[in-house]
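Subject: Structure handover

Hello,

Here is the structure I promised to pass on. Please open it first, then read my notes below.

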Amino acid sequence: MQYLKILSLFLFLPFSLLAQSDLPAKPEDIAPLLIGEMVPDMQLAKMDGTPIDMGTVLNGNKTILIFYRGGWCPYCNSHLSDLQKIEPKLKELGYQIVAVSPDAPTKLKETDLKNDLGYQLYADTKGELMGKMGIAFQAPERYQKMLLSASDEANKGWLPVPSVFIVNDKKQIVFEYISPDFKHRMNGDLLMAVASKL
């Protein structure tokens, strides 16, 4: 019996390591889900640490789905604040804003307070949703310690390419903006223009 436990652990390790090494080495090499595809129903964590399924988060609502690098990123904080300015108008159009990062729930709270956000932040510390969305890549070595700290040791060295997906009430992607250059974000005015046409 002990032999089987050791064997199963041994067999599992290469696959978990392989999954990390299978991530694209550069943000330019990602292969995101396409318009028309469905957002996968992976599990996230709320700011209080409670697990929640993506299907419950979307809950049949039209959604502006944001993926950002973390509360430590000044470009992400600026983008989150920009979205806060247009949230009331997006709500009038029937949208909710959902923002997801690799940060641990405790870090989400800090980001929420710092930016005075009125929409929900969720944690994907292991990158399961971002991996399925096709936007995760191997983080440069200089980020390793910070990512471990920000994720409560869950993030073993990956980052999302900052992305905006507009999702309809059936969990289908109807628009996406993905820039491998993390300094370039979709501004609120452009997002409003697109959302109002969908």
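The chain folds into seven helices and nine strands. Keep in mind that this is a predicted model.

Confidence first. The average pLDDT over the chain is 90. A score of at least 70 is reached by 89% of the residues. Residues 1–19 are another matter: their pLDDT is below 50. This stretch makes zero contacts in the model beyond near neighbours in sequence.

Now the overall numbers. The chain has 198 residues, and 46% of them are buried. Its accessible surface is about 10400 Å². Carbon and sulfur atoms account for 57% of that surface. Take the contacts between residues at least 6 apart in sequence: 69% of these join residues at least 24 apart.

The largest nonpolar core holds 30 residues. L65, F67 and M133 have the most contacts inside it. Two or more residues each come from α2 (54–58), β3, β4, α5 (128–133), β6 (136–138), β7 (158–160) and β8. F67 is worth a look. Setting aside neighbours within four places in sequence, F67 touches V100, L129, M130, M133, I135, V161, P162, S163 and F165. Another core lies apart from the largest one.

M192 leads on to helix α7, which spans residues 188–197. Its buried residues are G188, L191, M192, V194 and A195. What do the buried residues of α7 pack against? Their partners are β3 (62–67), α3 (74–92), β4 (95–101), β8 (163–167) and β9 (173–178). At the start of α7, a side-chain oxygen of N187 comes within 3.1 Å of the backbone nitrogen of D189.

Last, the cysteines. How many disulfides are there in the whole structure? The search finds zero. C73 is in no disulfide, and its nearest cysteine sulfur, that of C76, is 3.1 Å away. C76 is likewise in no disulfide.

Best wishes

Terms used: Residues are numbered from 1 along each chain as its sequence is written. This is a predicted model: local features need pLDDT of at least 70, side-chain atom pairs count only at pLDDT 80 or more; totals for chains, interfaces and linings use all residues. Side-chain values use heavy atoms; hydrogens and water are left out. Helices (H or I, at least four residues) and strands (E, at least two) are DSSP runs, numbered from the N terminus. Buried means under 20% relative accessible area, exposed over 50%, partly exposed in between (1.4 Å probe, protein chains only). Contact means heavy atoms within 4.5 Å. Accessible areas come from the Shrake-Rupley method with a 1.4 Å probe; for residues, only the protein chains shown count as cover. A polar contact is a pair of N or O atoms within 3.5 Å; within protein, one must be able to donate a hydrogen and the other to accept it, and residues adjacent in sequence count only if both atoms are side-chain atoms. pLDDT is the predictor's confidence in each residue, from 0 to 100. A disulfide is a pair of cysteine sulfur atoms within 2.5 Å. A nonpolar core is a set of buried Ala, Val, Leu, Ile, Met, Phe, Trp, Tyr and Cys residues joined through side-chain atoms within 4.5 Å.
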